[in-house]
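Have the sequence and the model open side by side as you read.

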Amino acid sequence: MATEAAPVVVSIDEQFGGCPFVLTDGAIQRIHDILTERRGASPAYNVEYHDGTRFRNVGLAEVLKADNHGNSGLKDLEVRSEFDWQNTVKVTFAAREYRPIQCQISMTDRDKAYLISRDLCDFIRGDVVRSPLMAQLVSTAVLFFVGAWLVWMTVRAMPTTHPLPDLAHVLDSADANVKLNYLLQRGNTDIPWYLGLSLVLSVVVPAFVCMSIWIAPITGLLKYVYPMNVFAIGRDGIRHRRALDWRTRFFWAVIIGSLVRLAWSVITSFSHQ
């Protein structure tokens, strides 16, 4: 008697390159809708909070109404849709550095598995995943701006270089003040401003780049300027939107405005020479 062959199970495990995420209530709703459309039933949610509290098989409404702040903030969120014991879809978001996002699909229907994978992974990759490179670029830009401002203030404070009068004229002069002014001016003569600027930049800029890569994540500056692995719902969602608004205003009012003023100062300095 011939035995029926066991169905072949297609397994997909997408980890999105270990990139961090920002998960808003709208993104959770979209993931919910994708799984509901494909399965015909709503997925279940397993939730863990920072204080150790865990809930299993809760609904979407309970997840979205969570306070989500401090010890009551989300630590792990698992979206699980089970067609049957052989066909499951699980999407996990965890506030950790190693593999914060995982999408695991196990199905006997290969076409359905790839359709769900395409819909879910394309959405998560485009709307939820955050590039860690951007975090470093943002912190580098902020610290570079601070360094450039300090350098410019240092250069502005440097004594202005004035050409010395002809030594023969000074020696022939009978006025003692002329000789005294020559000595004082020679003592105050500094290196050209552009040489001083290049010397300061050669030291300050590499130092600030290193600070942006290593010190900023440690001190928490990077997490505030460019937070990663964020569950942007509840109170943390409000905080995240405020941070986005602050970052936008800071970029245009401070960074761009200061760069324009710096460029204008440089142009004015050259025009007066």
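What is the order of the strands in the open sheet of 6 strands? Reading across, the order is β1-β7-β6-β5-β3-β4, with antiparallel pairing.

## Ground rules

This is a predicted model, where local features need pLDDT of at least 70 and side-chain atom pairs count only at pLDDT 80 or more, while totals for chains, interfaces and linings use all residues. Residues are numbered from 1 along each chain as its sequence is written, and side-chain values use heavy atoms, with hydrogens and water left out.

## The sheet

Helices (H or I, at least four residues) and strands (E, at least two) are DSSP runs, numbered from the N terminus. Two strands pair if DSSP finds at least two bridges between them. In the sheet, β1 and β4 (54–58) are the edge strands, each pairing on one side only. From one strand to the next, the twist averages 10°.

Two helices pack on this sheet. α1 touches β3, β5 and β6, and its direction makes about 10° with that of β5. α3 touches β1, β5, β6 and β7, and its direction makes about 170° with that of β7. For these angles, axes are lines fitted to C-alpha atoms (for helices, over the stretch in contact), and angles run from 0 to 180 degrees between N-to-C directions.

## Strand β6 and its partners

Take β6, where 7 of the 8 residues are buried, so the strand is largely enclosed by the rest of the structure. Buried means under 20% relative accessible area, exposed over 50%, and partly exposed in between (1.4 Å probe, protein chains only). β5 and β6 run antiparallel, joined by 8 bridges, and form a hairpin with 2 residues between them. Here D76 stands opposite A94 in β6.

With β7 (residues 101–107), β6 pairs in the antiparallel sense over 6 bridges. T88 has S106 in β7 as its bridge partner, and V89 stands opposite I105 in β7. The hairpin of β6 and β7 has 6 residues between the strands, and R99 takes a positive phi near 50° there.

K90 sits in β6 (residues 87–94) and is partly exposed, at a relative accessible area of 22%. Contact means heavy atoms within 4.5 Å. Not counting residues up to four places away in sequence, K90 touches E78, V79, R80, Q102, C103 and Q104.

Q102 lies in β7 and counts as buried at 15% relative accessibility. With the sequence neighbours up to four places away left out, Q102 touches D13, E14, Q15, K90, V91, T92 and R96.

The buried residues of α1 are A27, I28, I31, H32, I34 and L35. Seen down the axis of α1, they fall within an arc of 160°, so they line one face of the helix; the arc is that of the directions from the helix axis to the C-beta atoms. After α1 comes G40, whose phi is positive, near 90°.

A nonpolar core is a set of buried Ala, Val, Leu, Ile, Met, Phe, Trp, Tyr and Cys residues joined through side-chain atoms within 4.5 Å. The largest one has 36 residues, of which L23, I31, Y45, F93, L120 and I124 touch the most other members. Its largest share, 6 residues, comes from α3. Leaving aside neighbours within four places in sequence, L23 is in contact with residues including I28, I31, L77 and F93.
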